[in-house]
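Please consider the structure shown below. The explanation that follows begins with a single residue and then widens to the whole chain.

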Amino acid sequence: MAQVITDQQGIKHYMITINVNGDDYTRVVKANTVLVNVLRDELDLTGTKKGCELGNCGSCTILLEGKPVDSCMILAIEADGRSITTIEGIADSAELDKVQESFINNGAIQCGYCTPGMILSAKALLTRNPHPNEHEVREAIAGNLCRCTGYVNIVKAVLKVAEEPNDKGVISNE
Amino acid sequence: MYLPDFDYYAPDSLSEACETLDRFGAKAKVLSGGTDIISKMKGGLLSPEVLISLKKLEDLKKIEYVSGKGVVIGARATHNDLVNSKILNDKYLSVSEAAHHMASNQIRNIGTVGGNLCNAVPSADLPPILIALGATVKLVGSNGERTMLLEDLFTGPMQTVIAHNEILTEIVIPEQSLTGSTYIKFGLRRSGALAVVGIAVAVTVSQGTIIEAKIAIGAAAPTPMRAREAEEHLRGNMISDELIEEAGLIASKESKPISDIRGSADYRRDLVRVFTRRALHKAINEGHV
């Protein structure tokens, strides 16, 4: 169990370490601290958005051990010792990720609030299944609501990335 | 949206978890995935003084086939664990499919099957198919353990027979010779919608005759329920469109739905008729889907 410090009011604080985008961060949290608040308020990673905060809208989507989850529904202490990828972690140095590029090129960003979550859901899908069909793309982003209703271009942007032959594909076709 | 203060424990073993539960009694709640409990706590519907997390109990995540016993599903398996389980895909694709059509990918990666059962929402998607497949659940407490049919677990909306000091640890789909099973639901959207009605059936068919049939209905009574009269009507009879239509009608009469924001009682009763018919056709003709 994480190290516990009890304050003068008798409230317990726990020392947790989470790996975010490749770096280990140790922070002191309360039992009721929600993961999205650690990312935004403690680590200044405000790319992860807060929308409904009830696990419906997907704005707070992050990858926990590579799988998309709603970070508003997870206690920070439950994530102790685990690896997280946020939208800030998917680009390689100065170069944008190809999903990010494709969102820009296909007009898949309107107000932008759902975009980080959309891109992470798409990223998780493409890692598992590099060439999804439209149904699979729609299913993968079903937990990410876009209130600009820009779904057509979002789906198009993800499918464009899926069309690109990846290195493995080229080798296996030869 | 912030959570009220509570005390948190993450026991290292099941016996330690039971002891911790004993210590705090009704003040404590068990935390599995948290997708139900945390949203309720945020909404002020629940304010436990203590949360006891099962996160260190890795054994409860297993899905395995035990010869002579059946498919054993650990209570902490997530919905996506059910979707991706090779064992379930091979033996009971219907369970994987039911899990696949729940909530969103993000929630399916967090929420667990044990949590879904303990939360006991009448519209939950997993109870009907697991009940139709004759699943049992194991409840463990510091005084011992008991095993019961899943259909006996529920006593009302969000109410179960689970005592304050018990933990649901596993679900077993027994070894059996079914020929088909399926769960189909009607939701107001294709994704992320609660079932207005959900119907699961499991059948054993031989030479055009229904040897055995189980029908479980979700969202049309205070708890998931069996349509026993409809089952009886099917048992031992030759398959025909009329027989299946009649079973749907009987199931519809057996259901006890309420009217709410998602649909009226009359509408739900008719959905039970139509979806029982469709589910029977599907399970008879397509196997475990």
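Two residues are in contact if their C-beta atoms, placed from the backbone, lie within 7 Å. By this criterion, and leaving aside neighbours within four places in sequence, L88(B) is in contact with I63(B), V71(B), L82(B), V95(B) and S96(B). The model is a predicted one, and chain B has a mean pLDDT of 96, with 100% of its residues at 70 or more. The model scores are ipTM 0.93 and pTM 0.94.

L88(B) belongs to helix α4 of chain B, which covers residues 86-91. The residue counts as buried because 24 other C-beta atoms lie within 10 Å, where the cut-off for a buried residue is 20 or more.

At the level of the chain, the secondary structure of chain B comprises eleven helices and 14 strands. The domain assignment divides chain B into domain 1 (7-53), domain 2 (60-174) and domain 3 (180-286). The centres of domain 1 and domain 3 of chain B, taken over C-alpha atoms, are separated by 35 Å.

The C-alpha trace of chain B spans about 60 × 45 × 30 Å along its principal axes. Its radius of gyration is 19 Å, which agrees with the value near 19 Å that a compact globule of 289 residues would have. Of the 289 residues of chain B, 55% count as buried. Among contacts in chain B with a separation of 6 or more, 64% are between residues 24 or more positions apart.

Definitions and conventions: Residues are numbered from 1 along each chain as its sequence is written. Chains are lettered from A and ligands numbered from 1 in the order in which they are written. This is a predicted model: local features need pLDDT of at least 70, side-chain atom pairs count only at pLDDT 80 or more; totals for chains, interfaces and linings use all residues. pLDDT is the predictor's confidence in each residue, from 0 to 100. Domain bounds come from an automatic or database domain assignment. Helices (H or I, at least four residues) and strands (E, at least two) are DSSP runs, numbered from the N terminus. A residue is buried if 20 or more other C-beta atoms lie within 10 Å of its own, exposed if 12 or fewer, and partly exposed in between; C-beta atoms are placed from the backbone. The radius of gyration is taken over C-alpha atoms; the globule rule is 2.2 Å times the number of residues to the power 0.38.
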